[in-house]
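My entries follow in the order I looked things up.

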Amino acid sequence: MKTVLTTGLCLGATMIFAQTALELTTAEAFTVPEVGTLPYRQRLTPNLPQGQKVPLILFLHGLGECGNDNAAQLKHGVADLITFADANGGALIIAPQCPEGEKWVSNIDPKAATHTMPAEPSAPMKLVLALLNEKTEKMPVDPDRIYVTGLSMGGYGTWDIIQRRPKLFAAALPICGGGDPTLTSAIKGIPVWIFHGAADDTVPVARAHDMRAALKAAGGSVQYREYEGVGHDSWTQTYADPDVLKWLLGQRRQNEQKN
C-alpha cells in the first residue's frame, strides 16, 4: 500500500520528500472487553511546550480502507491534517481502522435516499467513542477543541458520532456522506462544513443537500461546498485546502454545548 506523502522539496534534480503519514504516526490498539479491539494510528505533534493542551482531530476513513493492517486508513487526508496541524500549534490526530465487513454506521446503504440513525452505535463506533474518552482523559487534549472529519463511509460516521455525542465536538467536516435529518436539532450548536461532489455516483449529493437544509431549519451553523463536475472523490481537494483546515482548528466548543 502506498501511503500519502506530506510535502516535497525540490533541490536541483533531486526531490526530497517529507515523511509519510505511516512514518509520522504510531500504531496502537484499543480494546474494550466484550466489544472488541480497534487498531488505530496516533500522531501527537512533537516538542510541544510543557503543559500545552492541543486539539484532538478524529479522522474516519472510507469503506475501501477497512481491514486490520493498521495502515490503509492513512491513504487519504491524514498526511494533510498532520502537516497543517504541526505548522499551526499542534494537535493529537487519531485515525482508527474499521474492521473488514463492518461499518462506522451499521447497515447503511450509501445509495439510499435517507436513513434513520440506528438506536445503538456499531461495534467499531462504540470503540471509537470509548477511545475518545480515554484520550481526552490521559493526553494533553483541549476539551473545547475536539473535531471530527471523515469521508464516504467516514462521512456517514462523522454525522453519526456528532448526533450521538453533540456535547463533545467543537466542529465537524463530513465529506460525501449523509446523516439522519430528523436529528439535526441535537447538533445545531456544532459548526459543520459539508463537502460533496456534484457528480458523485456513490453517495447521492442529495444526502448533503438534505442535511444542510435540515440543519438550517434547526437554526444550526452550517456551511456547504459542492464541487461542480467532481465525482465521489471530494476529499482530496478538501483536505488540501488550508482555509478549510484553518476553519476547523479555529472552532471552539460553546458553553451551551457543555451543559
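Entry 1, H3 against H4. I looked up which residues touch, taking contact as heavy atoms within 4.5 Å. Met-125, Val-128, Leu-129 and Leu-132 of H3 meet Gly-157, Asp-160 and Ile-161 of H4. By class I noted five nonpolar residues, one polar and one charged in this contact. The classes take Ala, Val, Leu, Ile, Met, Phe, Trp, Tyr, Cys and Pro as nonpolar, Asp, Glu, Lys and Arg as charged, and the others, Gly among them, as polar. Helices (H or I, at least four residues) and strands (E, at least two) are DSSP runs, numbered from the N terminus.

The model is predicted: local features need pLDDT of at least 70, side-chain atom pairs count only at pLDDT 80 or more, and totals for chains, interfaces and linings use all residues. Residues are numbered from 1 along each chain as its sequence is written, and side-chain values use heavy atoms, with hydrogens and water left out.

Next I took the geometry of this pair. The axes of H3 (residues 123–138) and H4 (residues 153–164) come within 12 Å and cross at roughly 60°. That makes H3 oblique to H4. Angles under 35 degrees count as roughly parallel, over 145 as roughly antiparallel, 65 to 115 as roughly perpendicular and the rest as oblique. The axes are lines fitted to C-alpha atoms, for helices over the stretch in contact, and the angles run from 0 to 180 degrees between N-to-C directions. I recorded the crossing of H3 and H4 as right-handed, meaning that the near helix is turned clockwise from the far one by less than a right angle.

The axes of H2 and H7 (residues 242–249) are 11 Å apart, and the two helices pack at an angle of about 65°. H2 and H7 are therefore roughly perpendicular to each other. Their crossing is right-handed. On the H2 side I found Asp-80, Leu-81, Phe-84 and Ala-85, which meet Pro-242, Leu-245, Lys-246 and Leu-249 of H7. This contact has six nonpolar residues, no polar ones and two charged ones.

I also listed the buried residues of H2 (residues 78–87): Val-78, Ala-79, Leu-81, Ile-82, Phe-84 and Ala-85. Buried means under 20% relative accessible area, exposed over 50%, and partly exposed in between (1.4 Å probe, protein chains only). Just after H2, Gly-89 takes a positive phi of about 100°.

How many disulfides does a search of the whole structure find? The search gives zero, with a disulfide taken as a pair of cysteine sulfur atoms within 2.5 Å. For Cys-66 the nearest cysteine sulfur is that of Cys-98, 4.3 Å away, and Cys-66 is in no disulfide. Cys-66 counts as buried at 9% relative accessibility. Cys-176 is in no disulfide either; its nearest cysteine sulfur, that of Cys-66, is 14 Å away. Cys-176 is buried, with a relative accessible area of 0%.

Asn-107 is not a glycine, yet has a positive phi of about 55°. I placed Asn-107 in the loop between strand E6 (92–96) and H3. Asn-107 is exposed, at 77% relative accessible area. Ser-152 also has a positive phi of about 55° without being a glycine. Ser-152 lies in the loop between strand E7 (141–151) and H4. Is Ser-152 buried or exposed? At 12% relative accessibility, Ser-152 counts as buried.

Val-192 lies in strand E9 (residues 192–197) and counts as buried at 1% relative accessibility. Not counting residues up to four places away in sequence, Val-192 touches Trp-159, Ile-162, Ala-172, Pro-174, Leu-215, Ser-221, Val-222, Gln-223 and Trp-247.

Lys-188 sits in the loop between strand E8 (171–175) and E9. Lys-188 is partly exposed, at 45% relative accessibility. From Lys-188 to Ala-217 I noted 9.5 Å, C-alpha to C-alpha, for residues 29 apart in sequence.

Glu-134 is partly exposed, with a relative accessible area of 26%.
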